[in-house]
Amino acid sequence: MAMLNRRDFSRVVAAMGAAAVLPSGVSGEEPASRGKKWYRGNLHMHTFRSDGVAFAEEAAALYKRLGYHFVCLTDHNSVHESDDRWVKLGQKKLTEAHVARYRETFDFPLEEREENGEKAYRLKTFAEMGALLNEPDRFLLLSGMEYSGTVKNRHEVHTNFINVRQNHPWVAKETTAENIDWSLELYRSMANEQTIYTMNHPLWRFYDIDPMDLVKRPEIRFFEVANVEARPLFHAPVEFWTHDKFWDIVNAFRARRGEPLLYGTATDDTHGYNMFYRKPDFVGYVMVHAAELSEGGLISAMKAGDFYASTGLTLNTMAFDRATGTLSVEVAPEPGYAYTIQFIGTKRDFDPTVLREVEHQAQGVMPSWWKGGELPKRKLAVYSDSIGQVLGEVRGTVGSYTLRPDDLYVRAKIFTQKISYNEWEHPSSPIAWTQPYSR
């Protein structure tokens, strides 16, 4: 599970109740010639509108108090529009204690009524929450939806539609490929230049999304390289896809064909919020380098690849000079930590063949929610180590790499210690990932 540096959150949480101050390097003006700022945001979270345990304005306000600049509400197959929606005590884990804590913490109105002798509370609309929370250049609430469900072949397809305002119920197709294509078709019906489609947690539940699913669909530009909540349940040998290997497989094939590269996000996928009233222990977010805190500003920057993903590590600088093909990063260091910067990419002559396929049985304790009997088997492909090589490495806080003629792309991965763990689970130390870049 990804752990945020506790020193960072101690400083942030100490400021709760006032304007929280982010660690050095997280926000502030870049050189005037660029005219951009760094904005921190969470793009995946759930509330009482689906399977989260918080009122949506409560969840967003908790992030705001931690110094986040934006969040996107992504409840399952539902957006926060004007339908009359209420939640009763006892439903969705809502208790009297929860209501009391909400009222003690926030000045937000909470509309209450009796339903057959039981108390119920109205869920606010997106417009109502924006009026309560939005502040110019400090905080912006985005509307979204996680279009998600189980395919008839028992795989899961979960995709986030960022900055959309329309509901749609889940429609189960026969195959994973059909459900991905259907989700893309549905997204296109809602999309404009200020919307984003993201493939969520591809390794969850049981390696349900194959890298080739995204190789074949270059219109999918974003995926979650880190999702704090949705750890895979499969526990396959690490020779199969890790999140990083998945990413490089997709980009190696795309880059060779001259197709758009896949960008990576990190998210909390938040469902429970009790920890946010204390000191959060883990976190996933994006840092977006945008001209302004607006829907258009944030999404334009992300579509241009001008952002990085993090599970708690902060960069002072991340820049790609397309003219020279140079990717440069500078870490905002914490005392007592040593940093490694790896520049990762794939050469033009990489081996594209599947070395072998192995059928693997899901292992471990059967989850309580799994109703399908024996845990499933998956046939997993093993790809060459020529995909996703370490092209260069720096031990320190400043590093750069210039693309060679035989490089297809380069991205940077920055961490605080040599990572020695099974990467189907989240790292126990902070990591930052830049986007992949090519000339």
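1. Three strands make up an open sheet, ordered β13-β14-β19, with antiparallel pairing. Strands here are DSSP runs of E, at least two residues long, numbered from the N terminus. Two strands pair if DSSP finds at least two bridges between them. The model is predicted: local features need pLDDT of at least 70, side-chain atom pairs count only at pLDDT 80 or more, and totals for chains, interfaces and linings use all residues. Residues are numbered from 1 along each chain as its sequence is written, and side-chain values use heavy atoms, leaving out hydrogens and water.

2. β13 runs antiparallel to β14 (residues 326-331), and six bridges join the two. Thr317 stands opposite Glu330 in β14.

3. Now the helices (DSSP runs of H or I, at least four residues). The axes of α2 (residues 56-65) and α3 (residues 96-105) come within 12 Å and cross at roughly 45°. Axes are lines fitted to C-alpha atoms over the stretch in contact, and angles run from 0 to 180 degrees between N-to-C directions. That makes α2 oblique to α3. Oblique covers what is left after under 35 degrees (roughly parallel), over 145 (roughly antiparallel) and 65 to 115 (roughly perpendicular).

4. Which residues make the contact? Glu57, Glu58 and Arg65 of α2 meet His98, Arg101, Tyr102 and Thr105 of α3. Contact means heavy atoms within 4.5 Å.
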